[in-house]
Amino acid sequence: VIQEEMRIGKAIYDLAAELFPITRSITGEGVRETLKIIQRELPELTIHEVASGTKAFDWTVPMEWNIHDAYIIDPSGIKIIDFKQSNLHVIGYSVPVDTTLSLEELQSHLHSLPEQPDAIPYLTSYYKRSWGFCLTHNQRQSLKAGNYRVRIDSVLKEGSLTYGEVILPGATSEEIFISTYVCHPSMANNELSGPTVVTYLAKWLKGITNRRYTYRIIFIPETIGSIVYLSRNLEHLKKCVVAGFNVTCIGDDRSYSYLPSRAGDTLADRVAKHSLKHLSPEFVSYSFLDRGSDERQYCSPGVDLPVASVMRTKYHAYPEYHTSKDNLSVISAQGLYGGYNAIRLCLHCLEQNEILKCTVLCEPQLSPRGLYPSLSTKNQTAIVAKMMDIIAYADGKSDLLAIAEIIKLPMWELFDTVKALKEHGILAVCSNNKPT
Amino acid sequence: VIQEEMRIGKAIYDLAAELFPITRSITGEGVRETLKIIQRELPELTIHEVASGTKAFDWTVPMEWNIHDAYIIDPSGIKIIDFKQSNLHVIGYSVPVDTTLSLEELQSHLHSLPEQPDAIPYLTSYYKRSWGFCLTHNQRQSLKAGNYRVRIDSVLKEGSLTYGEVILPGATSEEIFISTYVCHPSMANNELSGPTVVTYLAKWLKGITNRRYTYRIIFIPETIGSIVYLSRNLEHLKKCVVAGFNVTCIGDDRSYSYLPSRAGDTLADRVAKHSLKHLSPEFVSYSFLDRGSDERQYCSPGVDLPVASVMRTKYHAYPEYHTSKDNLSVISAQGLYGGYNAIRLCLHCLEQNEILKCTVLCEPQLSPRGLYPSLSTKNQTAIVAKMMDIIAYADGKSDLLAIAEIIKLPMWELFDTVKALKEHGILAVCSNNKPT
Amino acid sequence: VIQEEMRIGKAIYDLAAELFPITRSITGEGVRETLKIIQRELPELTIHEVASGTKAFDWTVPMEWNIHDAYIIDPSGIKIIDFKQSNLHVIGYSVPVDTTLSLEELQSHLHSLPEQPDAIPYLTSYYKRSWGFCLTHNQRQSLKAGNYRVRIDSVLKEGSLTYGEVILPGATSEEIFISTYVCHPSMANNELSGPTVVTYLAKWLKGITNRRYTYRIIFIPETIGSIVYLSRNLEHLKKCVVAGFNVTCIGDDRSYSYLPSRAGDTLADRVAKHSLKHLSPEFVSYSFLDRGSDERQYCSPGVDLPVASVMRTKYHAYPEYHTSKDNLSVISAQGLYGGYNAIRLCLHCLEQNEILKCTVLCEPQLSPRGLYPSLSTKNQTAIVAKMMDIIAYADGKSDLLAIAEIIKLPMWELFDTVKALKEHGILAVCSNNKPT
C-alpha cells in the first residue's frame with residue numbers, strides 16, 4: 001500500500017511539475033496547453049471554447065489574453081525584471097506597453113509585499129484595463145532613480161475562454177460533480193495541486209467497474225469559468241448532481257481542511273466531514289463565510305448545488321499563498337497523495353452509500369448463518385457489535401453514512417460487513433435508495 | 001451625536017421627574033393626571049375609560065380608588081406617618097379608616113422591611129378590602145406603646161379604569177405593539193422609566209417618514225390594564241401584531257437585559273437578542289420563568305402575542321425595587337437614553353427587515369458597477385466581504401436579520417450596503433416580504 | 001414511609017432469595033417453577049407454552065432442556081465439580097455426557113476467568129450442541145493430570161418454551177408494556193431483581209383504582225422469549241403500547257442508570273430521564289449502542305416499540321455480572337426498593353400525564369378562588385410561582401411532563417397543584433389527550 005501511495009503521489013507531483021512553468025490566465029494559450037497535457041493523461045477530456053463576448057448571467061466572457069514577453073531595463077541598461085524568469089512578474093491581463101518612464105512614474109505600476117520582502121506577489125486585473133509589474137520588495141527597495149525602459153508584449157483580442165470536461169457515465173444518471181481550475185500561472189498548492197489530483201481521481205474512477213454514479217469533472221478558469229459553465233448547464237446540474245467537490249489547495253502536507261456548502265448539510269458536506277473526521281480528526285473546519293473559490297458560484301442563491309471543499313491547507317491560510325513562494329517545494333508527493341486519498345475516500349463512500357433495511361423483524365439469528373460465536377461469553381467482539389449495530393439501524397430510512405455516524409465508525413470499515421450481511425440476505429437495499 | 005444623546009436623555013429624565021410625585025394606582029385621578037402630561041408631549045394620545053364592573057376575561061374592572069390624605073399620630077401627638085411626605089406610606093387600595101388603636105392593634109396594619117431598614121416598601125391590596133401603612137423598619141422599631149390616631153382619607157367608588165393609546169399609522173396594517181404601565185406611585189426605574197422612554201420612542205417614530213409598520217402604543221395599569229386591553233382588542237392584535245415589546249425598568253445604567261416571549265423565537269425575540277448582543281454583549285438574558293410584568297398576559301396561552309422585554313436592570317433584580325429607594329437617583333439621563341436607544345435600534349431594525357433576493361444567478365459582476373476594487377489583491381476588504389456575504393445569503397427566504405446573524409454583524413451596519421445593492425439592482429425585496 | 005420502603009424492599013428481597021436456587025434456562029422446568037411462585041404472588045399471571053419448533057420471525061423455538069445432575073470426579077475419586085453445589089457449573093443447554101477423559105481432553109470443555117480467579121463464569125450454548133463445565137480459575141489451576149469421570153445428566157427433547165403474562169386492564173386500551181426475564185440460573189442482580197421488582201410493581205398497579213392505562217407485563221426468557229412474544233403480539237403491541245420498560249439489573253444500590261429506546265425520545269424515554277434526573281441526578285445515561293437486553297428486539301427496525309430501560313447498575317457494568325459472584329449479597333432490600341420506586345415513579349407520572357389547557361384567556365384571577373395571597377409583596381412564594389407556571393404553559397399542546405421539564409420541577413410535585421387548578425375549573429384536560 002505504501003508503495004502504491006508513493007507511486008501515485010509521485011505521479012501527481014510529476015504532472016504538477018510538468019504544468020508548473022506554463023503561463024496560465026483565465027483565457028489564452030496557457031490554458032489550452034495545460035488542458036492538452038491533461039488530455040494526454042485523460043483521453044476522455046473534451047475541450048470547449050466559449051467566444052469572447054458571450055453572456056453568462058451577469059458576466060461576459062472577456063477578450064482573450066496572451067503574453068509573449070515582458071521586461072524592465074534599469075537606467076544602467078540591466079534587465080532587472082524579466083517575464084521569462086517568472087511569469088508572476090506581470091499583472092495578469094496587463095495591456096501592451098512599450099515606453100520609458102522615470103522611477104517615480106514607474107512606482108505606480110509596481111507591486112510588492114513589504115511584509116514578505118523576498119516574495120513576488122500574484123496579481124491580476126481582468127476587468128479593468130491596466131498594466132503593472134510585480135517584484136520582491138527587496139528588489140523594489142534597491143531601484144535607483146532614473147529612466148526605466150518598460151515593455152509588455154501582450155495581446156488582448158477577441159478569442160475564447162477554454163475549459164475541459166470529462167463525463168464518466170455510471171449506472172444511474174445521478175451525478176457527482178468535481179470542479180477544479182486552471183487559470184493560475186506558476187504556483188503549486190494554489191493551483192496545480194487541484195487539476196493534477198483531479199486528473200488522478202478521474203483515472204481511479206475509470207478503474208471502478210459498475211460505477212453507480214455518473215461523474216462530471218471540469219477543469220475551468222476560476223470564477224468566470226464556473227459562471228460560464230453554470231450558465232450552460234444549470235438545469236441539468238440542478239436535476240442530476242447529488243454531491244460535488246471544488247478541488248483546490250490539495251497538495252501540501254500541513255493540514256486537512258473542509259469548507260461547507262452554503263446549505264452546510266448536503267450529502268457532500270456529510271461525507272466530507274465524516275471522512276475527514278476519521279482520516280484526520282484534527283482537520284480544520286471552516287465556515288462558508290471563509291469561502292473564496294468556485295463554491296461562491298456553485299452555492300449562490302438559485303444555483304444551490306451541493307458542493308463542498310475538501311482541502312489540505314486552504315487558500316489565504318498559508319504564507320506562500322498567491323506569491324512566488326507557492327512553488328513546487330510547498331507541495332509534495334505525500335501531500336498530494338493525502339489530498340487525493342481524502343477525496344477518493346469521499347467518492348468511495350458515496351458509491352457505497354445506500355439506504356439499507358433489515359429483511360427480518362427482530363434480530364436475525366446469526367448462528368445458523370455462521371456469523372455469530374456460539375458461546376455467549378462476557379466479551380462480545382467488536383466485530384459482532386458492528387454487525388448487530390448495522391442491523392439495528394438498518395431501518396429503511398437511514399443511509400449507511402448516517403449509520404456510520406451513529407455507530408461512530410468510519411464508513412469504509414462497514415463495507416465488508418454490509419457485503420456479508422447482504423450475501424446472507426439479512427440486509428436489503430431499499431427501493432427508494434436516494435441518500436439525501 | 002453625544003449632544004443629541006444628552007439632550008434626549010435629559011428630556012426623558014425631566015419628564016420622569018415631573019411625573020414622579022403623582023399618586024398613581026391601577027385606577028384613579030393619578031393615572032389621568034399622568035396621561036394628561038403624556039398627552040401634552042404626545043397629542044396623538046387618546047384616553048380611554050372602562051367602567052368599574054366591566055368584565056375582562058376572568059377579571060372585573062375594580063372600583064376606582066382615590067386618596068386625599070393619610071397619617072398616623074403617635075401617643076405624644078406627633079404626626080409620625082404622613083402620606084403627603086410619601087405616597088408609598090399607604091397600601092394601595094386601602095379602605096378609609098378613622099380610628100384610634102393601641103400599638104399592638106396597629107402593628108398588624110404596619111409593613112416594613114427588616115432587611116432594608118431605611119426603605120419604605122411598596123404594597124397594594126387591589127382585590128381584598130384591607131388597609132395598612134408602610135414605613136421604614138427603623139421607624140417602626142422606634143414606636144412606643146400607647147394609642148395611635150390613624151386616618152386614611154380614601155374613596156373607593158364606582159368609577160373607571162383609565163388608559164392611553166397612540167396609533168401611528170404606517171404603510172401596512174401590520175403592527176408593532178408597545179406596552180408600558182402607569183399604575184405605580186412615586187418610583188422611578190419601576191415604573192416611570194417605562195412611560196417616559198415610550199413617550200420619546202413615540203416622538204421618534206412620528207419623525208420617521210414612510211413608516212412601514214403601524215405602531216400601537218399603550219399606557220395602561222399593569223395586569224388589569226393589559227387584560228382589559230386584550231379583552232377589547234384580542235382578535236385585531238392576533239391578526240396584526242408582528243412584534244411587540246413590554247417596556248419597563250428601562251432607566252438605570254447598571255445593565256441591559258432581555259426577557260423572552262413564551263414562544264422564545266418570535267420576531268421580537270430575534271431582534272431584541274440581536275440588538276442587545278451587538279449593543280452590549282454582556283446583557284443579561286432571562287428565561288420566561290423569570291417573567292413578572294404584562295408579558296404574563298400577552299404571552300398567555302391563546303393570546304400568544306410576540307411580545308418580548310428589553311430592559312435595563314429588571315424588576316426584582318435591583319435592591320431598590322418596589323421601595324422608596326427606587327427614586328430619581330436610580331435612573332439617569334444616560335441610563336434612560338441607553339434604554340431608549342436599545343429599543344429604538346430594535347424598531348429601526350424591524351422597519352428595515354426585509355426578505356431579499358439576489359436578482360442574478362451566480363455572483364453579480366461588481367466591477368462595472370463601481371462596487372469592487374479592480375485589482376484582486378491578497379487583502380479583500382471587509383467592505384467587499386460584507387457586500388458579497390449579503391448577496392450570498394440573499395436567497396429569497398432569509399430576512400436581513402437572519403443574514404446579519406449569519407454573517408455576524410450588527411444589522412444596522414448592513415443598511416447602507418443593502419441600499420447601495422438595491423440601487424444597483426443587485427438585490428430586490430421579495431414579494432412575500434413577511435419576516436417571521 | 002421509611003417503614004413502608006423497608007417492608008416492600010424486604011418482601012422483594014425475600015422473593016428473590018426464594019427464587020435464587022432454581023435452575024432456570026430459556027426453557028425447562030426451572031422457568032415453570034419460577035413462574036408458579038410468581039403466580040402465587042400474582043394470581044393474574046397466565047402461563048403460556050410455545051412448542052419446540054415453532055417459528056418466530058427468523059428464529060425457531062429450541063428443544064426444551066432440563067438437567068438433573070452433573071459432576072466431575074478427579075483422578076483420586078473426589079467429586080470436585082458438583083452441579084448441586086452451583087448450577088453455574090454446567091454450560092446452559094449442555095448435551096448429556098457420561099465419559100472419562102484425560103485432563104488434557106477435559107480442558108477444552110472447561111471455562112474459567114483468569115482475571116476473576118474465584119468466580120465461576122456463567123455460560124450457555126443454546127444454539128450449538130455442545131457441553132462444558134464452568135469453574136473458578138483457582139480450582140482449574142489445581143487440577144492434576146489423570147483421568148476424570150465426567151457426567152452431565154441433562155435432557156434435550158421436544159417440549160416448549162414457557163412464559164408468563166399479566167394483563168391489568170385500564171380505562172383505555174392504550175397500554176404500558178413491562179418486560180422482564182426468567183432464564184438465568186442462580187444470579188441475583190441479573191436477573192432475579194427483574195422479575196421480583198416487576199412482581200411488586202404489578203401488585204402496586206393492582207392497587208390503583210381508576211387505572212388509566214392497560215398494563216401488559218411479561219416474564220419471558222431473554223431474546224428468544226421476546227422474539228416469540230413479539231411474533232405472537234406484534235400488531236397489537238404496535239397499535240396499543242404508548243410506553244414500555246425492559247426491567248433488568250434493578251436490585252443493587254450502587255447507581256441508577258438509563259438506556260434509551262432506539263428512537264431515544266419516546267414517552268418512555270422522556271419519563272425515564274425526567275424521573276431519574278430528579279430522583280438521582282447523577283444517574284448514568286447510556287447510549288442505545290450500549291444495549292444488551294430485550295430492547296434489542298423491542299426497538300428493532302419494524303418493531304419500533306417505545307421501550308426504554310431504567311436500571312440500577314447495568315449488565316456489563318459491575319464486576320460480578322454473569323458470574324457466581326452475582327449472588328444475593330449484590331442486591332439488597334434498599335437497592336431493590338430504589339429500583340422499584342424509580343419505575344413506579346415513571347408509571348405514576350405516565351398515569352398522570354395529560355395535555356392541559358387553561359380555560360380562560362390571560363392569567364386567571366386567583367384571589368377570589370382563594371388561591372393567591374391578597375397582599376402582593378416582594379416575595380412571591382414558590383407555590384404561587386409553580387401554579388402560575390403550570391397555567392402559563394398549559395397551552396393545549398404540551399403534556400404535563402413537558403411542562404415539568406420547562407419549569408424544572410419533578411412532575412410529581414405538580415400533581416396536587418394540577419388537581420386544585422382542575423377543581424377550580426382553571427385547567428381542563430384536552431380532548432386530544434394523547435401524550436407523545
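**Ground rules.** I worked from a predicted model, in which local features need pLDDT of at least 70 and side-chain atom pairs count only at pLDDT 80 or more, while totals for chains, interfaces and linings use all residues. Residues are numbered from 1 along each chain as its sequence is written, chains are lettered from A and ligands numbered from 1 in the order in which they are written, and side-chain values use heavy atoms, with hydrogens and water left out.

**Chain A against chain B.** I looked up the contact (heavy atoms within 4.5 Å) and found 31 residues of chain A touching 22 residues of chain B. The buried area, meaning the accessible area (1.4 Å probe) that two parts lose on being put together, summed over both, is about 2,300 Å², with 54% of it on carbon and sulfur atoms. On the chain A side, A:Asp58, A:Leu289 and A:Pro301 lose the most area to chain B, together 28% of what that side buries. I noted 4 salt bridges between chain A and chain B, a salt bridge being a side-chain nitrogen of Lys or Arg within 4 Å of a carboxyl oxygen of Asp or Glu. One of them pairs A:Arg296 with B:Glu363, with the closest N and O atoms 2.8 Å apart. Strand E3 (59-60), helix H6 (224-240) and helix H8 (295-298) of chain A each supply at least two residues of the side that touches chain B; helices (H or I, at least four residues) and strands (E, at least two) are DSSP runs, numbered from the N terminus. The largest share of that side, 3 residues, comes from H6(A).

**Chain A against chain C.** Here I found 22 residues from chain A and 30 residues from chain C in the contact, with about 2,300 Å² buried between the two chains. The count is 4 salt bridges, among them C:Asp58 with A:Arg369, whose closest N and O atoms are 2.7 Å apart. Helix H10 (382-393) and helix H11 (400-407) of chain A each supply at least two residues of the side that touches chain C, and H10(A) gives the largest share, 5 residues.

**The core.** I then asked which residues touch the most other members of the largest nonpolar core. In this set of 137 residues they are A:Tyr215, A:Ile217, A:Phe219, A:Phe245, A:Leu347, A:Leu350 and C:Phe133. A nonpolar core is a set of buried Ala, Val, Leu, Ile, Met, Phe, Trp, Tyr and Cys residues joined through side-chain atoms within 4.5 Å, where buried means under 20% relative accessible area, exposed over 50% and partly exposed in between (1.4 Å probe, protein chains only). Helix H9 (residues 333-352) of chain A gives the most to this core, with 9 residues. Not counting residues up to four places away in sequence, A:Leu350 touches several residues, including A:Ile176, A:Phe245 and A:Leu267.

**Salt bridges within chains.** A:Arg40 pairs with A:Glu18 at 2.6 Å between the closest N and O atoms, linking helix H2 (residues 29-41) to helix H1 (residues 2-19) of chain A across 22 residues. A:Arg40 counts as partly exposed because its relative accessibility is 47%, and A:Glu18 counts as partly exposed at 33%. In chain B, B:Lys419 and B:Glu423 form a salt bridge at 3.4 Å; they are 4 residues apart in helix H12 (residues 415-423), so about one helical turn separates them. I noted both B:Lys419 and B:Glu423 as exposed.
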